[in-house]
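Subject: Structure for your files

Hello,

Here is the structure I said I would pass on. My notes on it follow below.

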Amino acid sequence: MAGVASVLHQVPLGTYTGWNTVASGFYKGHIRTNTGAYIPFAKDQDRAAWPSVIRDRPSEERYGTHETYVAQVRAAAKGSARTVPAQDDADRLIAQAEASKVLK
């Protein structure tokens, strides 16, 4: 597939969908295919309340430690010569990962 691989898709903190549901109005609850959604991974302490399809998939623990998460973001941002994002974008994504509360 052509294009630049998104760092946020390579090192996810949730699920991205190609659909969403209408929140209110006449079409409330109907699926929209022209807008996507983001469903964050359940935190370990929150997992029991989530449906099994979400509860049973790896969450932030897939990265083990905060440092591993940052290293994976750094590697994804660096990418290959063909897919690397602009350097200022890569620097911003790495800084956001370092400042995040993932596995802290």
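**What was found**

The chain has an accessible surface of about 7200 Å², and carbon and sulfur atoms account for 57% of that surface. Accessible areas come from the Shrake-Rupley method with a 1.4 Å probe, and for residues only the protein chains shown count as cover.

Please note that this is a predicted model, in which local features need pLDDT of at least 70, side-chain atom pairs count only at pLDDT 80 or more, and totals for chains, interfaces and linings use all residues. Residues are numbered from 1 along each chain as its sequence is written, and side-chain values use heavy atoms, with hydrogens and water left out.

**Overall layout**

The chain holds four helices and four strands, in the order α-β-β-β-β-α-α-α from the N terminus. Helices (H or I, at least four residues) and strands (E, at least two) are DSSP runs, numbered from the N terminus. Of the 104 residues, 28% are buried. Here buried means under 20% relative accessible area, exposed means over 50%, and partly exposed is in between (1.4 Å probe, protein chains only). A contact means heavy atoms within 4.5 Å. Of the contacts between residues at least 6 apart in sequence, 43% join residues at least 24 apart.

**Core**

The largest nonpolar core has 13 residues. Such a core is a set of buried Ala, Val, Leu, Ile, Met, Phe, Trp, Tyr and Cys residues joined through side-chain atoms within 4.5 Å. Val-7, Val-11, Tyr-69, Val-73, Ala-77 and Ala-97 have the most contacts inside this core. Helices α3 and α4 each supply at least two of its residues, and α3 gives the most, with five.

Setting aside residues up to four places away in sequence, Tyr-69 touches Val-11, Leu-13, Tyr-63, Ala-97, Ser-100 and Val-102. Ser-100 lies in the segment after α4 and is buried, at 16% relative accessibility. Beyond its neighbours within four places in sequence, Ser-100 is in contact with His-66 and Tyr-69. A polar atom of the Ser-100 side chain also lies 2.7 Å from the backbone oxygen of Ala-97. This is a polar contact, meaning a pair of N or O atoms within 3.5 Å; within protein, one must be able to donate a hydrogen and the other to accept it, and residues adjacent in sequence count only if both atoms are side-chain atoms.

**Salt bridges**

How many salt bridges are there? The count is two, with a salt bridge taken as a side-chain nitrogen of Lys or Arg within 4 Å of a carboxyl oxygen of Asp or Glu. Side chains of opposite charge can pair when their charged atoms come close.

One of the two joins Glu-98 and Arg-74, at 2.7 Å from N to O. Glu-98 is in helix α4 (residues 87–99) and Arg-74 is in helix α3 (residues 66–78), so this pair ties together parts that are 24 residues apart in sequence. Both are partly exposed, Glu-98 at 39% relative accessibility and Arg-74 at 38%.

Asp-89 and Arg-92 also meet in a salt bridge, at 3.6 Å from N to O. These two residues are three apart in helix α4, so about one helical turn separates them. Asp-89 is partly exposed at 31%, as is Arg-92 at 42%.

Glu-60 sits in the loop between α2 (52–55) and α3 and is buried, with a relative accessible area of 11%. A polar atom of the Glu-60 side chain lies 3.4 Å from the backbone nitrogen of Leu-103. Leu-103 belongs to the segment after α4 and is partly exposed at 30%. Its phi is positive, about 60°, although Leu-103 is not a glycine.

**Strand β4 and the surface**

Tyr-38 lies in strand β4 (residues 37–40) and is partly exposed at 40%. Together with Leu-8 and Tyr-16, Tyr-38 forms a nonpolar surface patch with about 290 Å² of accessible area. Patches are made of residues with over 30% relative accessible area and no salt bridge; like charges are joined within 9 Å, and nonpolar side chains (Val, Leu, Ile, Met, Phe, Trp, Tyr) within 5 Å.

Pro-40 is also in strand β4 and is partly exposed at 39%. The C-alpha atoms of Pro-40 and Gly-14 are 3.8 Å apart, with the two residues 26 apart along the chain. Neighbours within four places in sequence aside, Pro-40 is in contact with Leu-13, Gly-14, Trp-50 and Arg-57.

Regards
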